[in-house]
Amino acid sequence: MLKKGTQAPEFDLVDQDGKRHTLKSLLARGPLILYFYPADFTPGCTREACTFRDLQNDLVRAKLRVVGVSPQDADSHKKFAAKHNLNFPLLADPDKRAVKAYDVDGPLGFGVRRGTYLIGADGKPLGAKHCLRWSQRGAQQEELVFVAGHPGRTERLFTVDHLKFLRDV
């Protein structure tokens, strides 16, 4: 994983609608959550994407946007986004250039490890985790909780409430 305070690698990838995105263009509107996932339509990746979709209002209030990246092509992303009503860009990285640059390539170069970065408007990671699970806790206090996916180990990366400081970053 990239270390906090280092510069996040630039990329130039196409989303599900054929629109090109660079890290610089995405950060022009402020900090973002950049998440890497193994494949469209798998149970874990679908749950992950739908959680981000369902938390969109909270993320917008925290001045954050979400962008997903995986090796599938734009057509696969378009079908995945349409089927699940996803409201954020899914970037196609078929050559895995961004996957490798962000250190989420799978073991021996096979597949993609799940990984999520919180990247500040200055292009520097503010937090990163491998193997994430997403959950909403508390009926009255909704918060996005990033939890290390190891049995018996829970480590919070950040919550939406904790991200309010990002408005000024």
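Student: By class, how many nonpolar, polar and charged residues does the lining of the largest pocket have?
Tutor: That lining has five nonpolar, four polar and four charged residues. Nonpolar here covers Ala, Val, Leu, Ile, Met, Phe, Trp, Tyr, Cys and Pro, charged covers Asp, Glu, Lys and Arg, and the others, Gly among them, are polar. The model is predicted, so local features need pLDDT of at least 70 and side-chain atom pairs pLDDT 80 or more, while totals for chains, interfaces and linings use all residues. Residues are numbered from 1 along each chain, and side-chain values use heavy atoms, without hydrogens and water.

Student: Which residues lie nearest the centre of the largest pocket?
Tutor: H21, L26, R29, R65 and P89 do, among 13 lining residues. A pocket is an open set of points on a 1 Å grid over the protein atoms alone where a 1.4 Å probe fits, with protein on both sides within 12 Å along at least five of seven lines; lining residues have an atom within 4 Å of a point.

Student: Which element gives the largest share of that lining?
Tutor: Strand β4 does, with three residues. Strands are DSSP runs of E of at least two residues, and helices are runs of H or I of at least four.

Student: Turning to α2, which residues are buried?
Tutor: The buried residues of α2 are C45, T46, E48, A49, C50, T51 and F52. Buried means under 20% relative accessible area with a 1.4 Å probe, protein chains only.

Student: What span should helix α2 have?
Tutor: Its twelve residues, 43–54, should span 16 Å at 1.5 Å a residue, and the end C-alpha atoms are 16 Å apart, which agrees. The expected span is 1.5 Å times one less than the number of residues.

Terms used. Buried < 20%, exposed > 50% of the residue type's maximum accessible area, 1.4 Å probe, protein only.
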